[in-house]
Amino acid sequence: MKQPLFALLVKRKLGFGANRAAKRRILFNLLLITLVVSALVFAQMFVVSMSKGIADKYALLGNGHLQVHTTEPVDFFPYSNVIDVQKVGQSYALIYSPSANKMVRLKGVGDSYFSELRSEQLTMGEPYVQSESNLPQILLSTTLASTLDVQIGDRVALMLVSQSSIRPQLCIVQNLYDSGYQELDANLVFSDYELMARLFQGKEETYYELLVEGDALEQTKRELKADGYAVTSWDEENYAVATNLNTSRQAVLGVMVAVAILCGYFISELSRELVEDDKYKIAMLTLLGATKRIIRRSYFSTVMVVTLVSVLLGTLLGMAFALNLSPLLSSIAARSIPSLAYYLLDFSIVIPWLDILIITLVLVGVSVISVLFSLRRVAMIEPISCAHFD
Amino acid sequence: MMKSAEVLRLEQVFKSFRATLRGGPPIQILEGIDLSLERSTSIAITGNSGSGKSTLLQISAGLMQCDSGRVWFEEQEISALGDDKLSQLRSHSMGFIFQNSLLLDDFTALENVQIPSMIAGKSEKQAKNLAMEMLTTVGMQDRLHHTSDQLSGGERQRVAIARALVNNPSVIFADEPTGSLDEQNASLVEDLLFSLVQQQQVALMLITHNYSFAQRCDVVYHLHDRKVEVSS
């Protein structure tokens, strides 16, 4: 390998010491690939973060990461990675206001339920200050309050459906919460656990909601099952939602990979263009004794340097965009734009390293193959073609 | 087989081209050419346009295959060599000068002369020193960092001569090297070429229309009616 020659050829092809047109071409391609990669990375981060945001809402507010279906008092903290345990009761009821009614899922929770972890998923209004009334208090979402046209401190009636009777129970709206995702909170009402147990008299479903750390859900679930507990996870309880999120994520990743493949193919156009424009130079170098191998390698390396730098810059740019998106999304969410009402806008951005790795590796892999394929034409350029004889 | 002093030998070389893309009888260009070139000697090939002079040069330098016959270069049969061997041979033993200097326009005069040495495996520093030396020999020491478009036709041709000679080849193939120059520059380039060829003891195969230029060579061949004959 003639390293100095190789380095000189690559350096010049990359635009170092080259004319303006050559520099412009490299910069244009670098910019184009960078923008495509940044868009792919940004879109993937956005979709994955939103999916995770929705999943977190369901796990933290809807059902907990794991549900252990037992009424016996158990200490779950010795199990791996368990960070929160709440005894919860749930049932269904019709809620009435003077102007509307709705079937809701009523969830009875203890005082410690809205821990810091769960509170991060909510925005709460100013709570109702206790008056002389001793009516039970419930927590509605802003969405449900809007449907029922009630405010904090208003009275609503809960029609409790039990086996023996249907009887109304007047309650006061103690506060309004907003999870940021209307699909979840439009029919979720929180009440005190003791109140629920008293009202439903054992007809409610009682279980323990467990929050677990990180990705330990499956491990903890296995441990609990091994000890004979009936355990379900949040995705089993919300099967349709979890499946949709998973399918959407995979479909979006598929689209991103397809775009990455197209981008990889586009990169081979750069090498084709370079070779086409440099036919005479390639012929001249061959005439001077350079092997086709070293010429091909110099073009391949040039295109790959452009590709790798673009992929790196694009990834960093996409990540920078995505990581700075939260304040913008929060401000959009705060404006309660009706057309965006059913989208989760307030969520934390996560970096899906594996997805990003797949997208970038596919792009680089396809470009390697297509560039190598396109550089076969170097072999077809005869040294004689550089000379214009009589 | 080649004699010891020979660097190039053509034996019964035939070459024809297809008349059209759609076929038709081939056009015979060269017929039974026998030619030899010894070390430190020069030959000129003259002939009318289209007589096959350049084809003869390209076959001699292994840039084109002949239909039949044999071409020997430094005791190796060119047609039997693979791409890598041919590249090596071109790099170490051949120099080319064409009508248009054909410099690499991305590179400076210095780099244009440096590249053949780097191809031949010399370090960047060695190649640079050799290139500077060679460019000084052809009087281009003040134009080292000028690119092709910043040089005149005569200057470009001088750089091309330096590039052809930098690896101290056995043979220089020159195809109308003064064809695109004015009389004064043409004369300068002719003088330079012959003085360097003699100085470095290189064999020269010169293709030219210019009879007085051709006359400066040791032997002048005239290509006529597909055959070469020694010019009187």
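Modeller: A residue counts as buried if 20 or more other C-beta atoms lie within 10 Å of its own, as exposed if 12 or fewer do, and as partly exposed in between, with C-beta atoms placed from the backbone. By that rule, 49% of the 232 residues of chain B are buried. This is a predicted model, in which local features need pLDDT of at least 70 and side-chain atom pairs count only at pLDDT 80 or more, while totals for chains, interfaces and linings use all residues. Residues are numbered from 1 along each chain as its sequence is written, and chains are lettered from A and ligands numbered from 1 in the order in which they are written.

Colleague: What makes Ala39(A) buried, exposed or partly exposed?

Modeller: Ala39(A) has 17 other C-beta atoms within 10 Å, so Ala39(A) is partly exposed. Ala39(A) sits in helix α2 of chain A.

Colleague: Why is α2(A) called oblique to α11(A)?

Modeller: The axes of α2 (residues 20–63) and α11 (residues 292–323) of chain A come within 7 Å and cross at roughly 40°. Axes are lines fitted to C-alpha atoms, for helices over the stretch in contact, and angles run from 0 to 180 degrees between N-to-C directions. Angles under 35 degrees count as roughly parallel, over 145 as roughly antiparallel, 65 to 115 as roughly perpendicular, and the rest as oblique. The angle therefore makes α2(A) oblique to α11(A).

Colleague: Which residue classes make up the contact of α2(A) with α11(A)?

Modeller: The contact has 20 nonpolar, eight polar and no charged residues. Ala, Val, Leu, Ile, Met, Phe, Trp, Tyr, Cys and Pro count as nonpolar, Asp, Glu, Lys and Arg as charged, and the others, Gly among them, as polar.

Colleague: How do you know whether the radius of gyration of chain B agrees with that of a compact globule?

Modeller: The radius is taken over C-alpha atoms, and the globule rule is 2.2 Å times the number of residues to the power 0.38. For 232 residues the rule gives a radius near 17 Å; chain B has 18 Å, so the two agree. The C-alpha atoms of chain B fill a box of roughly 50 × 40 × 40 Å along the principal axes.

Definitions and conventions: Helices (H or I, at least four residues) and strands (E, at least two) are DSSP runs, numbered from the N terminus.
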